Amino acid sequence: MQRQLIKHVLERTDVGAKVTVAGWVRTRRDSKGGFSFIELHDGSSFSGLQIIADGELPNYETDVLSLTIGSAARITGTLTESPGQGQAVEIKAEVVEVFGFADPDDYPLQKKRVSFEHLREIAHLRPRTNTIGAVARVRSALSYATHRFFQERDFLYVHTPLITASDAEGAGEMFRVTNFNPADPPRAEGGAVDYAQDFFGRPAFLAVSGQLNAEAYALALDRVYTFGPTFRAENSNTRRHLAEFWMIEPEMAFADINDNSDLAEDYVKYLVRYVLDNCSDDLEFFNKWVQEGLLDTLAGVVDGSFERITYTEAVDILAASGETFEFPAEWGSDLQSEHERYLTEVAIKKPVIVTDFPFDFKAFYMRRNDDGKTVAAMDVLVPQIGEIVGGSQREERLDVLAESMDIKGMDRDHYWWYLDLRRFGSAPHAGFGLGLERVVQFTTGMQNIRDVIPFPRTPRNVGF
Ligand code: 4AD
Ligand code: MG
């Protein structure tokens, strides 16, 4: 008989039908009357399915009574109306097949609550918990919604490379890719490692962003987006930084910073609406157990419009706040997480798009404004998380871009192909990057970014 996922069985009303399900046991309760209740989960939905296993089953003593938490089994039985609360239907088992038992003395996920910190030490088993399972479903829904959003708007999905020779952000936070023997790399005269002899014939790295390559495609195909892993060797141990994270980067030709802000606002709202509509059981769980008020916050994001202010206005608000920040807010220094949270949670109380940041601490590719001091950058900030999107209008003027690169100490020859895009049919264009994990955090209320990616990579942590 064809096996069905539990989420589909839970929607059925045709009591009396035969069904087969398979999954992992979450609890087993034995009743004095000589039968057992088993709660089975297969990850397809927040709720599990209740199974009634009668003492008359031929393998009741040998198998059913050994079905400990974490055991894997396949069950065929009859769909019946459930007298209990919380579910409409249950299964009266006729065949119970056990694939693998889990020794209760060893299996770490018993009934009691376990901290998220502890679950990170058993990242291979944590998807079997309510919370991490729900996070996985929301993350998948957000990924699917991303493709829907951009495809519906005629953006082409472009695969940008993960191995690169260029630092797209110019921040020097790249992981090197080499196949040299670290104990004995070839050396040039003078003793320096000779990367000319390395695999790619020159230094190579993992990409911090796909943007520069996406720009090349936008300046041919108009609207594109890339969605893939990116890597940053920034040694920051915070609850919102990973060394490997997934980023969605749209890029639009013939677009300016306002078009960019409009797209980012539409996209973030679309994502939130999508999970509200499609992950309601999971979100209700997060609202109840992880972050009180989550559903109200998310509903507010979908209904309201994002505030738009300039960096200069943001600094003025922070300076006038009377608040003592760890890093004082002053014109010329980047907004810190505490500033972003003050703006979104206290001062403005909703998502904020901050534009026109100082050139000094922003990337070389951002379009210089006429004031000579700022660039057409835009960051989207949301409550709890802070920056969720970073983007800009790009510098399309060859001479200005070349000058910006000189000021930032970048080698123009190295970026020759990027400069070429300004030499041949240059056009205004703009784009941004949204960190997938940040939006999973925002929509689930999960505090730590390590708990919203299956196997997090952070400093000193690559074990799974
Ligand atoms: O602001 P960032 O560094 O912008 C870029 O990479 C641009 N090339 C994007 C573009 O214009 N195409 O990163 C964009 C977003 C941030 O807003 C944040 O959500 C996320 O990526 N992000 C990180 N997420 C997790 N861990 C990290 N270390 C992150 N760094 C950035
Ligand atoms: Mg940024």
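This is a predicted model: local features need pLDDT of at least 70, side-chain atom pairs count only at pLDDT 80 or more; totals for chains, interfaces and linings use all residues.
Between which two elements does the loop that holds Val-15 lie? It runs between α1 (6–10) and β1 (18–31).

## The chain as a whole

Let's start with the overall picture. The protein chain carries 12 helices and 16 strands, and its C-alpha trace spans about 85 × 55 × 45 Å along the principal axes. Of its 464 residues, 50% count as buried.

The contacts say something about how the chain folds back on itself. Take those between residues at least 6 apart in sequence: 67% of them join residues at least 24 apart.

## The eight-stranded sheet

Now for the sheet. It is open, has 8 strands and mixed pairing, and reads β6-β10-β11-β16-β15-β14-β13-β12 from one end to the other. The edge positions go to β6 (156–157) and β12 (307–310); each of these has a single partner strand, so one side of each is left without a neighbour in the sheet.

Two helices are worth a look here. α3 packs on the sheet, where it touches β6, β10 (223–231) and β11 (244–253), and its direction makes about 155° with that of β10. Helix α9 (residues 337–347) packs on the sheet too, touching β13 (352–358), β14 (374–382) and β15, with an angle of about 65° between its direction and that of β14.

## β15 and its two partners

β15 (residues 386–393) is joined to β16 (residues 429–435) by 5 bridges, and the two run antiparallel. Within that pair, Gln-393 sits opposite Ala-430 of β16, while Ser-392 has Gly-431 of β16 as its bridge partner.

Over on the β14 side, 6 bridges link β14 to β15, again antiparallel. β14 and β15 make a hairpin with 3 residues between them, and in the turn Gln-384 has a positive phi of about 75°. As for cover, 6 of the 8 residues of β15 are buried, which leaves the strand mostly covered.

## Around ligand 1

How many residues surround ligand 1? There are 24, and the closest are Glu-169, Gln-211, Arg-232, Glu-249 and Glu-387.

An N or O atom in the side chain of Glu-169 is 2.6 Å from a nitrogen atom of the ligand. Glu-387 has a polar side-chain atom 2.6 Å from an oxygen atom of ligand 1, and for Arg-394 the distance from a polar side-chain atom to a ligand oxygen is 2.9 Å.

## Helix α3 and what flanks it

Back to α3, residues 130–152. This helix has 23 residues and reaches 33 Å from its first C-alpha to its last, close to the 33 Å expected at 1.5 Å a residue. After the helix comes Asp-154, with a positive phi near 70°.

Is Thr-129 buried or exposed? Its relative accessible area is 16%, and with the cut-off for buried set at under 20%, Thr-129 counts as buried. Setting aside residues up to four places away in sequence, Thr-129 touches Arg-26, Leu-109 and Leu-119.

## Val-15 again

Val-15 has 44% relative accessibility and counts as partly exposed. Leaving out neighbours within four places in sequence, Val-15 is in contact with Leu-79, Thr-80, Glu-81 and Val-89. Its C-alpha is 46 Å from that of Thr-226, a residue 211 places away along the chain.

## Two aspartates with positive phi

Asp-222 is not a glycine, yet has a positive phi of about 75°. This residue lies in the loop between α4 (211–221) and β10, and at 29% relative accessible area Asp-222 is partly exposed.

Asp-356 also has a positive phi, near 60°, in a residue other than glycine. Where does Asp-356 lie? It lies in strand β13, and with a relative accessible area of 21% Asp-356 is partly exposed.

Note on methods. Residues are numbered from 1 along each chain as its sequence is written. Chains are lettered from A and ligands numbered from 1 in the order in which they are written. Side-chain values use heavy atoms; hydrogens and water are left out. Helices (H or I, at least four residues) and strands (E, at least two) are DSSP runs, numbered from the N terminus. The expected span of a helix is 1.5 Å times one less than its number of residues. Buried means under 20% relative accessible area, exposed over 50%, partly exposed in between (1.4 Å probe, protein chains only). Contact means heavy atoms within 4.5 Å. Two strands pair if DSSP finds at least two bridges between them. Axes are lines fitted to C-alpha atoms, for helices over the stretch in contact, and angles run from 0 to 180 degrees between N-to-C directions. A residue is near a molecule or strand if one of its heavy atoms lies within 4 Å of it. A polar contact is a pair of N or O atoms within 3.5 Å; within protein, one must be able to donate a hydrogen and the other to accept it, and residues adjacent in sequence count only if both atoms are side-chain atoms.
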